[in-house]
Amino acid sequence: AGYEVREYLLEKWQRTCAYCGATDVPLEIEHIVPRSLGGSNRVSNLTFACRPCNQRKGHQPIETFLKNQPARLRKIQAQAKAPLRDAAVVNATRWALFERLKTTVLPVMTGSGGHTKYNRRRLGIPKTHALDAACVGPLDALHGWSRPTLAIKATGRGSYQRTRLDRFGFPRGYLVRQKRIHGFQTGDRVIAQVPSGKKAGAHIGRIAVRASGSFNLQTAQGVVQGISYRHCRVVQRADGYGYSFTLTQTEDARRVA
Ligand SMILES: [Zn+2]
């Protein structure tokens with residue numbers, strides 16, 4: 001619960017010290033009305049303060065501590081009372097969804113962003129979309145997370161318009177009528193075995209076809225231009241999506257970088 005409260009408060013107070021506005025400093029949870037004066041542990045009585053401010057304030061009431069800064073005092077008191085409205089909407093919707101799902105026969109579990117982050121931090125896993133998804137819910141260990149992630153990106157199947165325009169709307173070039181050139185189509189994933197010359201070797205990637213039969217190949221290492229269709233072999237037909245593997249850097253690799 002403490003972790004969730006801290007995450008909520010960090011969001012609410014935008015990771016700054018309430019008293020001096022410092023950011024990028026270690027922040028301590030601070031009772032607006034001190035515990036010693038009967039202040040509660042409710043989130044509406046909590047904010048963040050940097051260490052120096054926290055120590056200077058000590059057990060003073062906030063009105064005494066900020067008596068020379070009435071504007072800041074008003075702002076803190078107003079913000080303390082303000083709930084996160086967006087969060088309230090999400091909460092309500094989420095519970096409605098949860099109740100509906102419970103009426104199905106499927107097993108239903110709930111988790112929270114705070115819990116996901118807790119899992120991720122505890123297991124020393126970097127933040128990516130895929131790994132965050134893997135960290136949702138009860139989790140003791142996550143094996144093999146440093147394996148590459150398959151990223152699928154919608155690339156489209158070309159455009160209906162045959163005229164390319166410049167930014168003023170004038171024709172810049174024309175596309176050929178037929179999409180297939182020597183059996184290849186833009187977006188196909190091909191392997192090219194170039195026997196000789198500057199581009200000799202094997203290249204694999206997404207091709208962009210040209211009527212001349214000399215294609216461009218987009219590989220992980222960059223674009224290789226002017227590859228003849230004679231050297232190409234289709235690995236996967238264009239289906240409107242691009243596929244690539246992204247490697248998640250480990251903590252150690254990032255530290256070295
Ligand atoms: Zn401060």
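Is Cys17 buried or exposed? Select Cys17 and check: at 1% relative accessibility, Cys17 counts as buried, where buried means under 20% relative accessible area, exposed over 50% and partly exposed in between (1.4 Å probe, protein chains only).

Before moving on, a word on what you have open. This is a predicted model, in which local features need pLDDT of at least 70, side-chain atom pairs count only at pLDDT 80 or more, and totals for chains, interfaces and linings use all residues. Residues are numbered from 1 along each chain as its sequence is written, and side-chain values use heavy atoms, with hydrogens and water left out.

For comparison, the ideal angle for four tetrahedral donors is 109.5 degrees.

Now look at where two of these residues sit. Cys17 is in the loop between helix H1 (2–12) and strand E1 (27–31), while Cys50 is in strand E2 (residues 46–50), so the pair links parts of the chain 33 residues apart. Helices (H or I, at least four residues) and strands (E, at least two) are DSSP runs, numbered from the N terminus. Cys50 is buried too, at 7% relative accessibility.

**Stop two: H1 against H6**

Next, select H1 and helix H6 (residues 113–122), whose axes lie 9 Å apart at an angle of about 110 degrees. Axes are lines fitted to C-alpha atoms, for helices over the stretch in contact, and angles run from 0 to 180 degrees between N-to-C directions. H1 and H6 are therefore roughly perpendicular, the word for 65 to 115 degrees. On the H1 side, show Tyr3, Glu4 and Glu7; on the H6 side, Gly114, His115, Lys117, Tyr118 and Arg121 make the contact (heavy atoms within 4.5 Å). Just after H6, click on Gly124, which takes a positive phi of about 65 degrees.

**Stop three: Gly187**

Finally, go to Gly187, in the loop between strand E7 (184–185) and strand E8 (189–194). Gly187 counts as buried at 14% relative accessibility. Show Ala238 as well: it is 51 residues from Gly187 in sequence, yet their C-alpha atoms are 4.8 Å apart.

Technical notes: Parallel < 35°, antiparallel > 145°, perpendicular 65-115°, else oblique.
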